[in-house]
Amino acid sequence: MICENVIYTQKTLAERYGISISALQKWYPYAGIVKPQKRGGYFDAATVEIADVFYVATKIRRLTYKEYLQQVIPAGGLDAYLQKVNGLTLYNFLTKHISDEEKNNPIVQSVIRRIERNEAYQQSGRDFAGVA
């Protein structure tokens, strides 16, 4: 299981995805990842989230880097792209339309948990707004 409250360097982020540091560096322009300014610096949580979605798009959905840059980003993200092209949400894709082996991937599990937390947060916000 991957802990989500970890601070990542280039080396540890590359290890998270099972790729080399040079392969991770090739992701930067396509995924919109901003490399830490300081040598040996750390990636923030938002950058790790972006990298997770890029990983899901390229490894699970099997999009090329250029497809991600030219189709997913302009569509408004992977969720919007999947809704437009496949007619299903990212959550449904990850929970219902991939193999069990892919569902058990720690990165996929992290993205699923993030979506569930976001949905729960939005739901609680709507409930609270209805009370006021």
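How many residues line the largest pocket, and which of them lie nearest its centre? The largest pocket is lined by 22 residues, and Glu49, Val53, Leu78, Asp79 and Leu90 are the ones nearest its centre. This is a predicted model, in which local features need pLDDT of at least 70 and side-chain atom pairs count only at pLDDT 80 or more, while totals for chains, interfaces and linings use all residues. Residues are numbered from 1 along each chain as its sequence is written, and side-chain values use heavy atoms, with hydrogens and water left out.

**Largest pocket**
- A pocket is an open set of points on a 1 Å grid over the protein atoms alone, where a 1.4 Å probe fits, with protein on both sides within 12 Å along at least five of seven lines; lining residues have an atom within 4 Å of a point.
- The volume of the largest pocket is about 420 Å³.
- H8 gives the largest share of its lining, 5 residues.
- By residue class, the lining divides into 12 nonpolar, 6 polar and 4 charged.

**Aromatic contacts**
- There are 7 aromatic pairs in the structure (ring centres within 6.5 Å; planes under 30 degrees apart are stacked, over 60 edge-to-face, the rest tilted).
- Phe54 and Tyr68 make an edge-to-face pair, at 4.8 Å centre to centre and 90° between the planes.
- Phe54 belongs to helix H3 (residues 45-60) and Tyr68 to helix H4 (residues 65-75), so this pair ties together parts 14 residues apart in sequence.
- Both Phe54 and Tyr68 are buried (under 20% relative accessible area, 1.4 Å probe, protein chains only).
- One aromatic cluster is formed by Tyr17, Trp27, Tyr30, Phe54, Tyr55, Tyr65 and Tyr68.

Notes
Phe/Tyr/Trp six-rings, centres within 6.5 Å; stacked < 30°, edge-to-face > 60°. Helix = DSSP H or I, 4+ residues; strand = E, 2+ residues; numbered from the N terminus. Buried < 20%, exposed > 50% of the residue type's maximum accessible area, 1.4 Å probe, protein only. Points joined across faces, edges and corners; volume = space filled by probe spheres on them. Nonpolar A, V, L, I, M, F, W, Y, C, P; charged D, E, K, R; others polar.
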